[in-house]
Amino acid sequence: MLALIITTSAHAQEAAPQDTVAIGKKLTTNNCAVCHTFGKGEPNGQGPNLFGIVGRPLASETGFKYSAGMKAAAAGKVWDEKLLDAWLTDTQTVAPGNAMTYFEGDEARRRKIIAYLRTLH
Ligand code: HEC
């Protein structure tokens, strides 16, 4: 398993609100696309496709083999912004034993990433 901990920011300036989604898209491309796809119907990668993730039940992407930890944590839960924020901060607090090795410690960056994920519908 690839261990990826992102500590650097390419463009660290605080964004104007209208730029939030655009910057979130860029952050997502740079930090998540190595493992995830985002377009409707795109194939799963090392991680599941994330189209429509906000409002989607945990561990529900067809054809993706989720870890036991992820499946155990799902229990009828749905991804909302609060849960996604907790997930990106430390996935192990949401689903102990899950297989995603990514953490985003910067609250402002998480907010932008989640703003972009919200547009994927
Ligand atoms: C090194 C590969 C990798 C990177 C980088 C990565 N992920 Fe993941 N992600 C995974 C894997 C693998 C899973 C499935 C975990 C499991 O089954 O335990 C996952 C699961 C998820 C889930 C749960 C999906 C579901 O169907 O319930 C979300 C949400 C998610 N990732 C978002 C992100 C976001 C947003 C980023 C970038 C900020 C990111 N991931 C970066 C590998 C990665």
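A residue counts as buried when its relative accessible area is under 20% and as exposed when that area is over 50%, with partly exposed in between (1.4 Å probe, protein chains only). The model here is predicted, with local features needing pLDDT of at least 70 and side-chain atom pairs pLDDT 80 or more, while totals for chains, interfaces and linings use all residues. Residues are numbered from 1 along each chain as its sequence is written, and side-chain values use heavy atoms, without hydrogens and water.

Start with helix 1, which runs over residues 20-31; a helix is a DSSP run of H or I with at least four residues, numbered from the N terminus. Its twelve residues reach 16 Å from first C-alpha to last, close to the 16 Å expected at 1.5 Å a residue. Thr20, Gly24, Leu27, Thr28 and Asn31 of helix 1 are buried. Seen down the axis, these buried residues fall within an arc of 100°, so they line one face of helix 1; the arc is taken from the directions from the helix axis to the C-beta atoms. An α-helix has 3.6 residues a turn, so residues three or four places apart point the same way. On the other side of helix 1, Ala22 and Asn30 are exposed. Helix 5 is among what covers the buried residues of helix 1, where contact means heavy atoms within 4.5 Å.

Helix 5 (107-118) also supplies at least two residues of the lining of the largest pocket, as does helix 3 (81-89). The largest share of that lining, three residues, comes from helix 3.

Conventions:
Expected span 1.5 Å × (residues − 1).
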